[in-house]
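Please look over the sequence and the structure before reading on.

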Amino acid sequence: MELIHCHLAKQPTPPHSLNSDIPPVISNIIIKLLAKTAESRYQSAHGLKSDIQECKANLARIFTLGQQDFSDKLQLPQKLYGREPEIETLLTAFAIANQGQSEMMLVAGYSGIGKTSLVQEIYKPITEKRGYFISGKFEQLQRNKPYFAFVNAFAHQKRNATH
């Protein structure tokens with residue numbers, strides 16, 4: 001679990017802060033390769049190659065990474081935009097629960113408006129603070145089963161805990 005937590009939530013330590021022999025520009029390339037979100041990583045091998053060639057030409061010079069990094073595919077960002085108040089409400093509930101009180105949040109709305117994306121957006125901040133996060137979803141085809149979302153959430157949590 002510790003390894004999974006580090007992989008998902010902890011930012012890696014820049015290599016140059018661990019070993020002063022590593023130039024900061026090389027350290028920055030490594031950190032860009034290890035970025036948590038896809039849009040923060042290199043989008044193409046050409047962009048990475050260009051940055052490495054720039055390093056090779058002048059290692060001492062600090063430059064902006066990714067200047068030649070362009071993807072030939074349209075990629076939608078993983079970040080959720082325009083939902084800051086809702087995210088803040090959910091994170092406030094987590095902060096209250098983190099102080100020892102019980103909290104349960106229910107997110108409701110029409111289908112297709114981004115409820116699942118909203119809930120997934122708070123997963124990272126909660127796991128960064130070593131919080132537990134489970135979620136369930138009421139499915140239209142499962143509406144005849146009482147408490148389906150709760151059963152689904154806890155069953156999914158149990159499966160993840162055993163892996």
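The model is predicted, and local features need pLDDT of at least 70, side-chain atom pairs count only at pLDDT 80 or more, while totals for chains, interfaces and linings use all residues. Residues are numbered from 1 along each chain as its sequence is written, and side-chain values use heavy atoms, without hydrogens and water.

The protein has 8 helices and 0 strands. Helices (H or I, at least four residues) and strands (E, at least two) are DSSP runs, numbered from the N terminus.

The overall values are set out here.

| Property | Value |
|---|---|
| Radius of gyration of the protein | 21 Å |
| Box filled by the C-alpha atoms, along the principal axes | roughly 65 × 35 × 30 Å |

A compact globule of 163 residues would have a radius of gyration near 15 Å; the radius is taken over C-alpha atoms, and the globule rule is 2.2 Å times the number of residues to the power 0.38.

Buried residues make up 20% of the 163 residues, where buried means under 20% relative accessible area (1.4 Å probe, protein chains only). In helix H3 (residues 24-33), Val 25, Ser 27, Ile 29 and Lys 32 are buried. The buried residues of H3 pack against helix H2 (15-18) and helix H4 (45-57), with contact meaning heavy atoms within 4.5 Å.

Methods. Buried < 20%, exposed > 50% of the residue type's maximum accessible area, 1.4 Å probe, protein only.
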